[in-house]
Amino acid sequence: MANGIEEVIGTLYDMIQSAWSLPLGTEKCVVERDKVLDLLDEISNQLPAELKQAKTIVESRNEVITNAKKEAENVTRQAEQRARQLISKENVYLEAQQEANEILKQAQVKVQELKQVTNTYVEAALKRTEESIAEALAKVKDSHAQFTALTNPQEKKPSPIIEDV
């Protein structure tokens, strides 16, 4: 007998094709009943095993597809999560950079203000110092003139030692 179900079916086809046709029509033929029944029994016996194997293959395929879909969903979910983390980190970085830029601008403005205040203060201090020196010089000139007038009453010229600055 044939081994696989396909071989058994092939043998059955051959048997029917080579069978004698009945007179008065080609639709009917004569076959050996026992051989045909044996082949059909063999098909019946092998069919459940073949069907079971086919079902197992289909179930395995479905399981592989299901697992692949789950794995794809996991990979997609992980990629989305990683993307969100990177975006979050980038946002934190951008916010920190903006804050640092703002602090730098404020510091630059403060430096300019301090320079202006310092320059104004120094200029005022120098002016006060200059005025004090001019006042002191005037007093020195007065004192010198008084001294000269006291020591030399006939000379009323200013001394050439001290000159206007």
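The accessible surface of the chain amounts to about 14,800 Å², and carbon and sulfur atoms account for 57% of that area. The model is a predicted one. Among the 165 residues of the chain, 8% count as buried.

**Overall dimensions**
- The radius of gyration of the chain is 59 Å, whereas a compact globule of 165 residues would have a value near 15 Å.
- The C-alpha trace spans about 180 × 30 × 20 Å along its principal axes.

**Secondary structure and contacts**
- The chain contains two helices and two strands.
- These elements follow the pattern α-β-β-α when read along the sequence.
- Of the contacts in the chain with a separation of 6 or more, 47% are between residues 24 or more positions apart.

**Nonpolar core**
- The largest nonpolar core consists of seven residues, namely Ile5, Val8, Leu12, Met15, Val36, Leu39 and Ile43.
- Helix 1 (5–17) and helix 2 (33–151) are the elements that give two or more residues to this core.
- Helix 1 contributes the most to this core, with four residues.
- Leu12, one of the core residues, touches Val36, Leu39, Leu40 and Ile43, with residues up to four places away in sequence left out of the count.

**Charged side chains**
- The chain carries 28 negative and 21 positive side chains.
- The centres of the positive and negative sets lie 10 Å apart.

Definitions and conventions: Residues numbered from 1 in each chain as written. Predicted model: local features only at pLDDT ≥ 70, side-chain atom pairs only at ≥ 80, totals over all residues. Heavy atoms only, no water. Rg over C-alpha atoms; globule rule 2.2 N^0.38 Å. Buried < 20%, exposed > 50% of the residue type's maximum accessible area, 1.4 Å probe, protein only. Contact = heavy atoms within 4.5 Å. Areas by Shrake-Rupley, 256 points an atom, 1.4 Å probe, with all protein chains shown as cover. Lys, Arg positive; Asp, Glu negative; His and termini not counted. Charge placed at Lys NZ, Arg CZ, Asp CG, Glu CD. Core = buried A, V, L, I, M, F, W, Y, C linked by side-chain atoms within 4.5 Å.
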